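This report goes through one structure part by part. The sequence and the model come before the text.

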Amino acid sequence: RSSEDLADDLGGDFSFRREPVAKLYCSPLDFRAPPNYIFLPLWMMHQLRLAPFDPVLVTWVKLRSGASVTLDPHQDKFLKLSNPRAILEAELKYYSAATKDATISLVYNGNQYDFDVVDCV
């Protein structure tokens, strides 16, 4: 039985943890990683303080659906972009889950913008 079949049957997401950093949540994009390997976005590796080939604990969790997220930008220049709300809406569709107190990154027009996740409802 493949990991993809298992994830479809479970209908959930995965939780990643590496002590002493808090947990992060995400959904799998695909299941093409070799056995005992995972591919994570760079922002997630930074948040978990991971280096390539570091061991992590992966568990399956069922997350409740969210209605909104509150973000605090690290850079004021993001707010000065034309229509930052539309940029956020377009870029956040690539995030399957948000974790309170995590920092996420968006790249727009070649610039990286970091945001603290203040709240998830």
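Tyr113 is buried, because its relative accessibility is 3% and the limit for burial is under 20%. The model in which this value was computed is a predicted one. Tyr113 belongs to strand β6, which covers residues 111-120.

Apart from residues up to four places away in sequence, Tyr113 touches Gln75, Lys77, Phe78, Leu81, Ile104, Ser105, Leu106 and Tyr108. One of these, Lys77, is 36 residues from Tyr113 in sequence, while the C-alpha atoms of Tyr113 and Lys77 are 8.8 Å apart in space.

## The largest nonpolar core

The largest nonpolar core is made up of 18 residues. Leu24, Trp43, Met44, Phe78, Ile104 and Phe115 have the most contacts inside this core. Two or more of its residues come from each of β2 (21-26), α2 (42-47), α3, β5 and β6.

With neighbours within four places in sequence left aside, Phe78 is in contact with Pro84, Ile87, Leu88, Tyr113 and Phe115.

## A salt bridge in helix α3

The salt bridge count for the model is one. The bridge joins the side chains of Glu89 and Arg85, with 3.0 Å from N to O. Both residues are in helix α3, where they are four residues apart, about one turn of the helix.

Arg85 counts as exposed, because its relative accessibility of 62% lies over the 50% limit.

## Thr99 in a loop

Thr99 sits in the loop that runs between α3 (84-92) and β5 (103-108). Is Thr99 buried or exposed? Its relative accessible area is 10%, so Thr99 is buried under the 20% limit.

Beyond the neighbours within four places in sequence, the contacts of Thr99 are Lys23, Leu24, Tyr25, Val117 and Cys120. Leu24 is also listed among the core residues with the most contacts.

## The second largest pocket

The second largest pocket holds about 570 Å³ of space. Its lining consists of 20 residues, and those nearest the centre of the pocket are Arg64, Gly66, Ala97, Ala98 and Cys120. Cys120 is also one of the contacts of Thr99.

Strands β4 (69-73) and β6 (111-120) each provide at least two lining residues. Sorted by class, the lining has 13 nonpolar, four polar and three charged residues.

Conventions. Residues numbered from 1 in each chain as written. Predicted model: local features only at pLDDT ≥ 70, side-chain atom pairs only at ≥ 80, totals over all residues. Heavy atoms only, no water. 1 Å grid on protein atoms, 1.4 Å probe; cavity = no way out; pocket = protein on both sides within 12 Å on 5 of 7 lines; lining within 4 Å. Points joined across faces, edges and corners; volume = space filled by probe spheres on them. Nonpolar A, V, L, I, M, F, W, Y, C, P; charged D, E, K, R; others polar. Buried < 20%, exposed > 50% of the residue type's maximum accessible area, 1.4 Å probe, protein only. Contact = heavy atoms within 4.5 Å. Salt bridge = Lys/Arg side-chain N within 4 Å of Asp/Glu carboxyl O. Core = buried A, V, L, I, M, F, W, Y, C linked by side-chain atoms within 4.5 Å.
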